[in-house]
Number of protein chains: 4
Amino acid sequence: MKTINVALLGAGRMGSEHALNMRSFPGVQTLVVAAPHTPSAEKVADLVGAKHVLSSPEEAIERQDVDAVVIVTPTSTHARLIEHAARSGKAIFCEKPVALDLTETARVLRVVEEKGVLFQIGFQRRFDVGFMAAREAIQQGTLGDLEQFRAVGRDPAPPPIEYLKVSGGIFLDQAIHDFDAARFLVGEVEEVLAWGAVRVNPEIGALGDADTVTTLLKFKNGTLGVIENSRRAVYGYDIRTEVFGSQGKYVIEALPKTPVQHYGTHGIHMDHYHFFMDRFAPAYRAELAAFFRVMQGSSETLPGTFDALESLKVGIAATRSYRENRPVKIMEIQEGVPA
Amino acid sequence: MKTINVALLGAGRMGSEHALNMRSFPGVQTLVVAAPHTPSAEKVADLVGAKHVLSSPEEAIERQDVDAVVIVTPTSTHARLIEHAARSGKAIFCEKPVALDLTETARVLRVVEEKGVLFQIGFQRRFDVGFMAAREAIQQGTLGDLEQFRAVGRDPAPPPIEYLKVSGGIFLDQAIHDFDAARFLVGEVEEVLAWGAVRVNPEIGALGDADTVTTLLKFKNGTLGVIENSRRAVYGYDIRTEVFGSQGKYVIEALPKTPVQHYGTHGIHMDHYHFFMDRFAPAYRAELAAFFRVMQGSSETLPGTFDALESLKVGIAATRSYRENRPVKIMEIQEGVPA
Amino acid sequence: MKTINVALLGAGRMGSEHALNMRSFPGVQTLVVAAPHTPSAEKVADLVGAKHVLSSPEEAIERQDVDAVVIVTPTSTHARLIEHAARSGKAIFCEKPVALDLTETARVLRVVEEKGVLFQIGFQRRFDVGFMAAREAIQQGTLGDLEQFRAVGRDPAPPPIEYLKVSGGIFLDQAIHDFDAARFLVGEVEEVLAWGAVRVNPEIGALGDADTVTTLLKFKNGTLGVIENSRRAVYGYDIRTEVFGSQGKYVIEALPKTPVQHYGTHGIHMDHYHFFMDRFAPAYRAELAAFFRVMQGSSETLPGTFDALESLKVGIAATRSYRENRPVKIMEIQEGVPA
Amino acid sequence: MKTINVALLGAGRMGSEHALNMRSFPGVQTLVVAAPHTPSAEKVADLVGAKHVLSSPEEAIERQDVDAVVIVTPTSTHARLIEHAARSGKAIFCEKPVALDLTETARVLRVVEEKGVLFQIGFQRRFDVGFMAAREAIQQGTLGDLEQFRAVGRDPAPPPIEYLKVSGGIFLDQAIHDFDAARFLVGEVEEVLAWGAVRVNPEIGALGDADTVTTLLKFKNGTLGVIENSRRAVYGYDIRTEVFGSQGKYVIEALPKTPVQHYGTHGIHMDHYHFFMDRFAPAYRAELAAFFRVMQGSSETLPGTFDALESLKVGIAATRSYRENRPVKIMEIQEGVPA
């Protein structure tokens, strides 16, 4: 088996996670870890036996012995690095989003397509066994005609305000995973309407952002959907997704984290996933495994440039709907028009 | 214990159900069953040992030996019978709704209040152990500040088209139970926005009605809510209600009807409630029990004229929002203005 | 519908429960309440509108206008009252057990059979929707050949020592419900082996009784079974029953009492049934309903003299096995030989 | 980080599994794969980048550059390879059992202890998050005094008869995992009593083995336990373990494999784990990870020579109890006496 040599760009928490996962894939070798903070890069390189540590991601991309790049740097650098990697002819796995701006996103993804390199965006839910099972059942017609979609997504606590300032807002930063899941399970979205409130932290409101939102969706196939999000759930990560049709429904539930029930004097108690990295650890692993399987010849479908763009559009439309307090059609969302 | 003598008006399926429940209440006696179809009335009277059978509900109401009336006649007769019973000084339990028209409803309920008779509207979910437990926890502050409300309600199959023609539409006929549950658990509603579709039966669309709807709610206390309804769920009656706040959430789930899990070659299988009368049988019993306990001196709170009126207003506002495709504030809904 | 007149013998907690249930059955009237403590009898009579209150159960049994007796008196009186009722030609419903002694039980039940009166013993689990659904599935062959049976039964707290002294021991007092459920679901028992311990209260041990026991069962059809019991579970009433066969298994679980899940900072929490009267309230109602339906002509099967006797034998065999520390065959258990 | 070089002995399904897991551990390198069938060894070596392929496990053990051996060869070779590795001063991870014979097991484990090498036996349940959480809660006293232990373990289908002939019987081959789990959660066993039957395949009976068994356990701390096993469950791998004490109980349940509920016309449906390698995949990974962490300096506790020996004794005692139809004390099980 020919070894795929990878350059890991970024050495934060998600970088280590991806690095350790890659270490277990047959035929995959993390050759370079590139991050501005050298001790972090060295630590990750040591974990996975990477031979080279660089401070410049561009230099890593350009190496002749690198076949693929895995981008887990801050969002603001994604577009630039994707473009650089595409122009260098490397396969690209990038955490979402490409960019928060539609024009820039579309431009970079056109470069990717022109260069014909493999590109995958990190919508990891598409690789969760629950979402995959529901999708497959739907495509086989198990649910008949789809009629309603319903999701809730809540994080345990809001990120720091400094992060929120550059996050693109709750619809682009958090709800976009639900928008992509909706598209994955039901199909393309035609129109959205979002209501929001500031219930968790007034500083979030001061940024023009909301922390508690509900988005109605009308899909092109006539299905009605609704997605609720919140930046804070004291019990941990909350995600539940339902697809309802003329023949039944699928519920993708967050099971207890530990398969233990404790019966005590106050009743029955179970624990709960704390964060998305707990809940989706196997999916994070599976999405990268699929990326490399495709590099090794598998023909499976990955979320690529089209999904990156279309899910972003839904997020921009929801943001606009919330700001302007009106329904917004996805076709309104065009390049060159700021969100 | 002094016996309360009841006139049961109506002898359909719900009439029998109520009659059998009343039979088990200490100090309560069904004295009269009144229904235009004498064999039905006689059958119910026989079931519960009622001494008198009448074809005229008014005659039953007017009897000196009747203390209370339980109204389970067709909706179109409710307002007239409530008014008649109030003017006759009888305690009144009436299935929802009072009427589909706000002006008529308000007028009749003013008569009830002027006459000072006990009045209870049949919002049975308020007597379900799940809804009661959640409400009590919320009122004790267990959830902190409320932030999101979320409900789904689906019936196994649409009623006959003839019924739908006079039902008042999906928001007033079906979703109104969820609107009342929302008010019971969260508080008063300020504004609604409803989207709908015809997915089950085009004949429903031809009536100007929808069969698949989603309603956004903004509560006066700032909570955001969403309710989904459908006229058809092939797996049976679907009801799940969630209240989310700064300190946690309550989920009121429809458990399997039978506490049995079947493990077979295809996995684990459980059954499911078929209809609201299965799921809420104990609540139907409990709501009537509470009515008679209040007659016997208990001071507990019943859903009365105010709840009948306010939940109706939310239903009318949702209907208007769906028809006019815009957010509608509850204060827009005034007497004298048709829905 | 001809009215069935009932004499209720006993006016304790279970007496009231049965009386209120009977009040709701069409065609059934509690005519007499008989109990030595007149105020208790009067209270129950008032609850259900019984016309007569007596202190002598025999006098109640002998009344010409009484059709059936419902016996909820202390265990030590059951055999005598059953015999009296049988000789008076009345239909008999009696809480378990007939007696703690096999010879006496067999003798009395022979009188019942000679007199040809209807007799039902209060094994209420046979009327629980869960047990009924499992039994029906088994009889239809859904599970194939039966192979293993597994049950646990735990009470929230031991009864008072004064009661335990005359209870017949944990196998005859508590486990007998599981023995009967095993017979109901699987078939007749051939041999048992019981191990026990005193873990809850040394006073129970001082009586020669155990409070924590496990009973192995070999059924005549080759199925292996095991039943665990304890006198104390701090979380409430604990009952779970499983039947396993060549084609799958049925699990009859105690669901949470209230269909509510509370998500708080420490995870997910549900409540739990506190006692058998919570868990089996509908079954207590259903068993009596069946008794009267049979009196009214229904041909359904009730647990009668055979089941009372055979389940008792299993309990006696388990007691003997525990005392003598050896396997005991059911055919060893013969009349005339003390347990 | 110094790299630990591993010799993997065996290249079957479990060998690949372990090899892929090891590939993801920082600082761990599979240097050699040794198996008599060279193409299998080469395939695994290729998967994980092992440099050397050998047909002789002894040769692999003896290499100077090998630090640790992972033994996944057929059971009959375990004792010999463990002894060889111990005498060669290597750290040893070995799938259970060491041997089916107590004398041989004890002898080999004495060599391990004399040589002072690290030794871990593959009781992977000790590394399952459910079993670990229950154990920790028990040790913290959450359950008070332990009173009852209860487990069921069923495989989807019996192994081939050829395997069963050399398996040591159902108690040593299958139930031993439950015996070890019982010891892990509750403590040492004093006495056992086993009943068994041949319900799945008469050929199993012809070997003197059973396929359907129940084992009673008396623990030294007074807890009563019971374990049920079967060689066949059509719905897949069935494992549920409960510990009950004076303050509550823990249930370690097999959750559905996929977190999806399907609501269809026949009710609610969920899937189920098919086999132990599905259910315990993370535990298989975690047990090896712990082994290498200890090699890297961690002080956590691993199941070693004592646990290998004591769990084997319980299995031998259960086998003897079943054959001789009598209770057997663990202290009867002595070296030099055949099972």
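A salt bridge is a side-chain nitrogen of Lys or Arg within 4 Å of a carboxyl oxygen of Asp or Glu. Asp307(A) forms one with Arg126(A), and their closest N and O atoms are 3.2 Å apart. Asp307(A) sits in helix α13 (residues 305–324) of chain A, while Arg126(A) sits in the loop between β6 (119–121) and α6 (129–139) of chain A, so the pair ties together parts that are 181 residues apart in sequence. Helices (H or I, at least four residues) and strands (E, at least two) are DSSP runs, numbered from the N terminus. Over all chains, a search of the whole structure finds 123 salt bridges.

The model is predicted: local features need pLDDT of at least 70, side-chain atom pairs count only at pLDDT 80 or more, and totals for chains, interfaces and linings use all residues. Side-chain values use heavy atoms, with hydrogens and water left out, residues are numbered from 1 along each chain as its sequence is written, and chains are lettered from A and ligands numbered from 1 in the order in which they are written.

Two packed helices are described by the angle between their axes and the distance between the axes. Axes are lines fitted to C-alpha atoms, for helices over the stretch in contact, and angles run from 0 to 180 degrees between N-to-C directions. In chain A, helix α1 (residues 13–23) packs on helix α2 (residues 38–48) at an angle of about 20°, with the axes 9 Å apart. α1(A) and α2(A) are therefore roughly parallel (angles under 35 degrees; over 145 is roughly antiparallel, 65 to 115 roughly perpendicular and the rest oblique). Contact means heavy atoms within 4.5 Å. From α1(A), it is made by Ser16(A), Ala19(A), Leu20(A) and Arg23(A); from α2(A), by Val44(A), Leu47(A) and Val48(A). By class, this contact has five nonpolar, one polar and one charged residues (Ala, Val, Leu, Ile, Met, Phe, Trp, Tyr, Cys and Pro count as nonpolar, Asp, Glu, Lys and Arg as charged, and the others, Gly among them, as polar).

In chain D, the axes of helix α1 (residues 13–23) and helix α2 (residues 38–48) come within 9 Å and cross at roughly 20°. That makes α1(D) roughly parallel to α2(D).

Chains D and B also meet. Twelve residues from chain D and twelve from chain B take part in the contact. The area buried between them is about 1,300 Å², of which carbon and sulfur atoms give 66% (buried area is the accessible area, with a 1.4 Å probe, that two parts lose on being put together, summed over both). Between chain D and chain B, the count of salt bridges is zero.
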